[in-house]
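Q: I would like to learn how to read the features of a folded chain one by one. Could you take me through this one?

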Amino acid sequence: MLQAVIRKKFATAPDAADDDVSAGSNAKREDTLTSTVLGLLLQLPDKLLWQVLHQASNPKLLPEDGGELLSYEFWPHWSAAGIQNDDGSERRFVEPDFFLQFAHCDLIGEAKYGSLQYEQQWSNEIRAYHNEYGRDKLCFLLAIGGNDYASKGVEENANGVKVIRLEWYELLQALQRVSVKQDGSVKRTLQFLQQALAYFGLASFSFLEELQPWNDVDLELSAHTPLVRVGLADI
């Protein structure tokens, strides 16, 4: 969240009674969610951070080991050379939501919350990445949230970068899975991450597994439990 405040992209969490659904308002909430979740993820040890991202992506096409996290950046401004706006004018820069450089590969991040992913944005970000870093290193683009379920999964971009589509609930479920074997400050960070997602109205029904079935009716939950919007008063 600190990064969103610094970059003047901060917004409060949405409220069920809030009528402000303007594009600008949604964008700030999207940026606040992104910086809050990623900022906490960056507090994890590098191997555990990669494990969470690897488990959240489905199918798991990220390498088993990303190596050391070498650098990170929120909303970098990359060269838009050769990239035009819709009206044909030259763009000044391209801004993905985050960029992680691991020893073995790079990750471009585009996160959506209350809006949809679109392929032209991915293409622009990948071309801008090549402007900045060339084509020598393995790179993936993580499209988090706002995906079309009918086409969810992985696709090869025309510029040779694999786009991995995942939803916030898949990240949440990965956090829940890895939390089981953790303790101390790491477990607290993982708990804070789950609380952050709940703060933004994102929670899964996984807690139902701990409840006794009503009238002896078994509750069966799939591996990909749907995400639901909840308020803090509901949890």
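Q: Is Phe99 buried or exposed, and what is its relative accessible area?

A: Before the answer, a word on the source: this is a predicted model, in which local features need pLDDT of at least 70 and side-chain atom pairs count only at pLDDT 80 or more, while totals for chains, interfaces and linings use all residues. Residues are numbered from 1 along each chain as its sequence is written, and side-chain values use heavy atoms, with hydrogens and water left out. A residue is called buried under 20% relative accessible area, exposed over 50% and partly exposed in between, with a 1.4 Å probe and protein chains only. Phe99 has a relative accessible area of 2%, and is therefore buried.

Q: Which residues touch the most other members of the largest nonpolar core?

A: In soluble globular proteins, nonpolar side chains tend to be buried together. A nonpolar core here is a set of buried Ala, Val, Leu, Ile, Met, Phe, Trp, Tyr and Cys residues joined through side-chain atoms within 4.5 Å. The largest such core has 42 residues, and those touching the most other members are Leu41, Leu44, Leu100, Leu107 and Trp168.

Q: Which residues does Leu107 touch, if residues up to four places away in sequence are not counted?

A: With contact taken as heavy atoms within 4.5 Å, Leu107 touches Trp50, Leu53, Leu62, Phe98, Phe99, Leu100, Phe102, Phe140 and Leu142.

Q: How many residues of strand β5 are buried, and which way do they point?

A: Helices (H or I, at least four residues) and strands (E, at least two) are DSSP runs, numbered from the N terminus. In a regular strand the side chains alternate between the two faces of the sheet. In β5, residues 106-111, six of the six residues are buried, so the strand is largely enclosed by the rest of the structure. Asp106, Ile108 and Glu110 point one way, while Leu107, Gly109 and Ala111 point the other way, and all are buried.

Q: Which strands do bridges join to β5?

A: Two strands pair if DSSP finds at least two bridges between them. Strand β4 (residues 98-102) is antiparallel to β5 and joined to it by four bridges, and the two form a hairpin with three residues between them. Within that pairing, Leu100 has Leu107 as its bridge partner. Strand β6 (residues 139-144) runs parallel to β5, with six bridges joining them, and here Leu107 stands opposite Phe140.

Q: What unit do β5, helix α4 and β6 make?

A: A crossover is right-handed if, with the strands pointing away from the viewer, the path from the first strand over the helix to the second runs clockwise. Together with helix α4 (residues 119-133), β5 and β6 make a right-handed β-α-β unit.

Q: How many aromatic pairs does a search of the whole structure find?

A: Rings of Phe, Tyr and Trp (its six-membered ring) pair if their centres lie within 6.5 Å; planes under 30 degrees apart count as stacked, over 60 as edge-to-face and the rest as tilted. The search finds eleven pairs. One of them is the edge-to-face pair of Trp50 and Phe102, at 4.8 Å centre to centre and 70° between the planes. This pair links distant parts of the chain, with Trp50 in helix α3 (residues 46-56) and Phe102 in strand β4, 52 residues apart. Trp50 is buried at 2% relative accessibility, and Phe102 is buried at 0%.

Q: Why is the pair of Phe99 and Tyr133 tilted?

A: The ring planes of Phe99 and Tyr133 are at 35°, with centres 5.0 Å apart, so the pair is tilted. Because Phe99 lies in strand β4 and Tyr133 in helix α4, the pair ties together parts that are 34 residues apart in sequence. Tyr133 is partly exposed, with a relative accessible area of 35%.

Q: Which residue's backbone oxygen lies 3.3 Å from a polar atom of the side chain of His54?

A: A polar contact is a pair of N or O atoms within 3.5 Å; within protein, one must be able to donate a hydrogen and the other to accept it, and residues adjacent in sequence count only if both atoms are side-chain atoms. For His54, the backbone oxygen at 3.3 Å belongs to Leu62. His54 is in helix α3 and is buried, with a relative accessible area of 10%.
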